[in-house]
Amino acid sequence: MPTPPALPASPFRAWWAQRSPAAGAAVMATGIISMALHLAGREILSRIFLVLACAAWLGLAAEFVLRLLRERERWIAEAETPGALTAVAATTVLGTRVSALGHDALAGALLALATVLWPALLVLVVRRWHPRMPGSVFLCCVATQGLAVLAVTLAAAESAPWLARVALVLFWSGLVLYVLALFRFDLRQVTEGAGDHWVAGGAIAISALAGAELLAADSARLYLWNDDDLGVLRVTTVGLLVLDLAWYGVLLIGEAVRPRPRYDTRRWATVFPLGMTAAATLSASAAVGVPWLEGLGSVLLWVAVAVWLMVAVGAVTSARAAITSGPVREPVRSTARR
């Protein structure tokens, strides 16, 4: 029997179905821009970006649940890719920003959700590692350090020393995961990557932010670290920030040597490290007592905002082109016997 003709599907449905797990990087990028603007004292702009991040996160969450219920095989296949960890990282970034507004109960709920997702997705992703991977391999570190940042933020807000110590364990674990991921990273991605190669620097940036937040959480009210602990944390945080800025320079040179101006979803994974570097620099300025870092962080922040705008324009243009390109034909399986 002949195969029946394909059934038309709406362009929007077809475009939405093709979205990859890496789309969660858009939430991460928008959320960290909001956080960096908050640290820089630009509260109105920060809240605008926060609203955008919340809307994007809700869309990400709905997509995550729908695929789990309706497309189980696809959900499992995508859960084994590094991009799946953007669900954890995006949730922690959003939770950290929400906590800064004083909504600690909501931030705690987001921490609980991310904590449930983290171990399962991490195991699924790590067991699929192979040599010469793209920059998304570092999302294992990003997700872990995101948990550390949110945990220590809530520890300071809720006077919970045990949560700060959990954050410290996550901080060191994230650094171990970074080293392991580095051996899997294909360095050729610096000049050939489609955007997610910047996560090699972004993972160091969020590690520096975690270190700065661990330092800032210590106080007379919430005694956490002795002098030796503080010394190690301070040196580690400064070292991570220096490494992050070094990666920033290397990646910029890679972009200049081989420009890649075309839009790609993975370019959101470029915006995130730029915003995270700005946030880490601004946070470390106060935490390690280096005032001039605040000026550097402000400059890096506006660079990140400019790149966010360019990528957002590319995303909207790409989505409009895909949706208005006309109906897409979905194949229908033949019922004939082979």
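User: What share of the contacts in the protein with a separation of 6 or more comes from residues 24 or more positions apart? After that, describe how H2 and H13 pack.

Analyst: The model is predicted. Residues 24 or more positions apart account for 83% of the contacts with a separation of 6 or more. The protein has 13 helices and two strands, and 51% of its 338 residues are buried. Its accessible surface comes to about 16,200 Å², and carbon and sulfur atoms hold 67% of that area.

Within this setting, helix H2 spans residues 25-39 and helix H13 spans residues 292-323. Their axes lie 10 Å apart, and the two helices pack at an angle of about 150 degrees. The crossing of H2 and H13 is left-handed. From H2, the contact draws on Ala29, Thr30, Ile33, Ala36 and Leu37; H13 supplies Leu301, Trp302, Ala304, Val305 and Trp308. Sorted by class, nine of the residues in this contact are nonpolar and one is polar, with no charged residue.

Ala29 of H2, which takes part in the contact with H13, also touches Phe272. Setting aside neighbours within four places in sequence, Phe272 is in contact with Met28, Ala29, Ile32, Val93, Val142 and Ile206. The largest nonpolar core has 110 residues. Phe272 is among those that touch the most other members of this core, together with Leu85, Val88, Phe138, Val142 and Trp268.

How values were computed
Residues are numbered from 1 along each chain as its sequence is written. This is a predicted model: local features need pLDDT of at least 70, side-chain atom pairs count only at pLDDT 80 or more; totals for chains, interfaces and linings use all residues. Side-chain values use heavy atoms; hydrogens and water are left out. Axes are lines fitted to C-alpha atoms, for helices over the stretch in contact, and angles run from 0 to 180 degrees between N-to-C directions. Helices (H or I, at least four residues) and strands (E, at least two) are DSSP runs, numbered from the N terminus. A crossing is left-handed if the near helix is turned anticlockwise from the far one by less than a right angle, and right-handed if clockwise. Contact means heavy atoms within 4.5 Å. Ala, Val, Leu, Ile, Met, Phe, Trp, Tyr, Cys and Pro count as nonpolar, Asp, Glu, Lys and Arg as charged, and the others, Gly among them, as polar. A nonpolar core is a set of buried Ala, Val, Leu, Ile, Met, Phe, Trp, Tyr and Cys residues joined through side-chain atoms within 4.5 Å. Buried means under 20% relative accessible area, exposed over 50%, partly exposed in between (1.4 Å probe, protein chains only). Accessible areas come from the Shrake-Rupley method with a 1.4 Å probe; for residues, only the protein chains shown count as cover.
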